[in-house]
Amino acid sequence: MAVASTTSMKKPIVVTSATILAVTVSVAAFYRTSGGGDAPTYNTATVTRGDLVETVEATGTLDAVTTVQVGSQVSGTIASLNADFNSVVKKGQVIARLDPSLMQAQVDQAEATIVRLEADVERARVSLDDARLKLDRARALFAEGLIPRADLETAETTERSADASVKAAQAQVTQARAALNQNRVNLGHTVITAPVDGIVISRNVDVGQTVAASMSAPTLFVIAKDLTRMQVEASIDEADIGRIQPGQAVTFRVDAYPRESFTGSVVQVRLEPQVVQNVVSYVTVIDVPNPNGKLKPGMTANVEIEIARADDVLIVPNAATRFQPEAPAGETPGRRDRRVWTLHDGELQPVRIETGITNGMATVIVGGQLQEGMPVVTGVVAANQPAENASTASPLLPRRPGGNRQGGAGRGGQR
């Protein structure tokens, strides 16, 4: 729903002050005419000058702009914790350690496997050297016709087989070295370090707790990168989302500081719709400075997004734009023009107007013959109302049948 707040520029009159002044004028006119026989009594308000802001209200949640979930890529038991809630950490700082004994054993085993396989490679090379020596002897003997060709071919086959055995043994060593490197990496993962500078806003483990990383990395900490700048994710109703644009000014309040107002600006309107109980809304991201650190992640923000603003303009209460005198007997009222009504010698006089933005309580006048300080009619009191009731009730509040009819019988003012 679009609403707004107001401020004053040239004169110390805001819409709230104007409303108070209007009440004063209305009550004065009401009391002056409350005993005037059959003459109708009119409530009036004064045309004021000031600033008017049209806003869209929403509710959102404060959060850090960037949060990093710190997990563990290996399973193990938490041996120590070096960070807690609200701890300020630097990138690379050790914030937790897992028990490394299992990973260290795997590293030692992989190193022993490499030693054994390197010995196999050396054994295969010795066999290859022997096969090559026998092949050279067989070739010399075959050249002198001392051995048959079959013996030469057997020596050649033995040499090629020995050469293949050396290559296979070397490949096993390479594979074992890769396994050793993997185990060393896993051993390194038992030391958990902060990936960014920030502050710890969540710790999910305790010393002695076992974490299992078989399917996915369990989250140990959540680190907010920078809490001096935050964001509000506000849900905007689909009826209002068309008026939300990046760069629009935002004010909001949080329950922790009910008398303090914070500011921000719209940075993004996400296209993904959120549907809850058939109500469609869209997430709007609002950038919020937080230099003093007052705002905390998770706080609920009551947001007002400024979608239109008019400074130093004429303003009238919406009751004046809604007021419409009843048509005389036998007259059929036609289409209602944009106009308000003033009093001249006790008679109603229409004044045509052009309206601008509205905040639900007041409307901006952008054209017409209204001038600052002019009284405009906001309602009428029935002539047969008892004098005692007229003297004790506010002329700005709705009446029961026979009493004050706020805004008359009009069909609604320009919004």
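Author: The charged end of K294 sits over the ring of Y257, 5.5 Å from its centre. A charge counts as over a ring if NZ of Lys or CZ of Arg is within 6 Å of the ring centre and within 35 degrees of the ring normal. This is a predicted model, in which local features need pLDDT of at least 70 and side-chain atom pairs count only at pLDDT 80 or more, while totals for chains, interfaces and linings use all residues. Residues are numbered from 1 along each chain as its sequence is written, and side-chain values use heavy atoms, with hydrogens and water left out.

Y257 is partly exposed, at 24% relative accessibility. The term covers what lies between buried (under 20% relative accessible area) and exposed (over 50%), with a 1.4 Å probe and protein chains only.

The search of the whole structure finds 2 aromatic pairs. Rings of Phe, Tyr and Trp (its six-membered ring) pair if their centres lie within 6.5 Å; planes under 30 degrees apart are stacked, over 60 edge-to-face, and the rest tilted. F252 and F262 are stacked, at 5.6 Å centre to centre with 25° between the planes. This pair links distant parts of the chain, 10 residues apart: F252 lies in strand β14 (residues 249-254) and F262 in strand β15 (residues 262-276). Strands here are DSSP runs (E, at least two residues), numbered from the N terminus. Both F252 and F262 are buried, the latter with a relative accessible area of 10%. The rings of Y257 and F262 have their centres 6.0 Å apart and their planes at 65°, so this pair is edge-to-face.

Leaving aside neighbours within four places in sequence, L295 is in contact (heavy atoms within 4.5 Å) with residues including L62, M230, F252, V254 and F262.

Conventions:
Helices (H or I, at least four residues) and strands (E, at least two) are DSSP runs, numbered from the N terminus.
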